[in-house]
Amino acid sequence: MAQKIDMKITNPKICVKDSPLHGQGVFALSDIAKGEIFERCPYIVIDDDDLSEATRLQDYIYTSPDCETDYLCAMGFGMLYNHSYAPNAEWSIDEEDIRFVAFSAKRDIHAGEEILHDYGQDYWTTREDED
């Protein structure tokens, strides 16, 4: 019989659960201080050629800060953070190791709170073009 995996084991600060905002989201298991990095995600770089057709994957990738035609497909919980125009978190390329995306707190985040980041205007503009 398959054993149920407790996702909290992978990161003692965060977990994934149903979100009242949209589908699933990432939530704080304990308080996270402003400026604290609470997750580092490895990523795969893909480009426009990989996205020649519209797919659901496009809703879960990040535009590379280095090249507008490259996209970062984050592993870990990186694809599951929901959007807010008043985010409590942000992402950047990890300064200690550029092979990772680092998620950090923009303000103190309390245990039980959903962790949100701003998807950016480009995310919404590209979806307007699809209509």
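Is K13 buried, exposed or partly exposed? Select K13: its relative accessible area is 24%, which makes it partly exposed. Here buried means under 20% relative accessible area, exposed over 50%, and partly exposed in between (1.4 Å probe, protein chains only).

Before moving on, some ground rules. This is a predicted model, where local features need pLDDT of at least 70 and side-chain atom pairs count only at pLDDT 80 or more, while totals for chains, interfaces and linings use all residues. Residues are numbered from 1 along each chain as its sequence is written, and side-chain values use heavy atoms, with hydrogens and water left out.

**Stop 1: salt bridges**

The term means a side-chain nitrogen of Lys or Arg within 4 Å of a carboxyl oxygen of Asp or Glu. K13 lies in the segment before β1 (14–18) and E36 in the loop between β2 (24–28) and β3 (37–47), so the pair ties together parts that are 23 residues apart in sequence. Strands (E, at least two residues) and helices (H or I, at least four) are DSSP runs, numbered from the N terminus. E36 is partly exposed, with a relative accessible area of 24%. The structure holds five salt bridges.

Next, select D94 and R40. This salt bridge spans 2.4 Å, N to O. D94 sits in the loop between β7 (89–93) and β8 (100–105) and R40 in strand β3, so parts 54 residues apart in sequence are tied together. D94 is buried at 2% relative accessible area, whereas R40 is partly exposed at 39%.

Now pick R99 and D97. They form a salt bridge too, with the closest N and O atoms 2.7 Å apart. R99 is exposed, at 58% relative accessibility. D97 is partly exposed, at 23%.

**Stop 2: rings**

How many aromatic pairs does a search of the whole structure find? Two. Rings of Phe, Tyr and Trp (its six-membered ring) pair if their centres lie within 6.5 Å; planes under 30 degrees apart count as stacked, over 60 as edge-to-face and the rest as tilted. Select Y81 and F103. They are stacked, 4.3 Å centre to centre, with 20 degrees between the planes. Y81 lies in the loop between β5 (70–74) and β6 (82–83) and F103 in strand β8, so the pair links parts 22 residues apart in sequence. Both Y81 and F103 are buried.

**Stop 3: the cores**

Stay on F38. Its contacts (heavy atoms within 4.5 Å) beyond four places in sequence include N11, I14, I32, A89 and S104. Now show the largest nonpolar core, which has 17 residues. Such a core is a set of buried Ala, Val, Leu, Ile, Met, Phe, Trp, Tyr and Cys residues joined through side-chain atoms within 4.5 Å. Those with the most contacts inside it are I14, I32, F38, Y81, I109 and I115. The elements giving two or more residues are β2, β3, β5, β7 and β8. β8 gives the most, with three. A second, separate core of five residues includes I46, I61, Y71 and C73.

**Stop 4: a serine**

Finish at S84, in the loop between β6 and β7. S84 is buried, at 15% relative accessibility. Beyond four places in sequence, S84 touches L116, H117 and D118.
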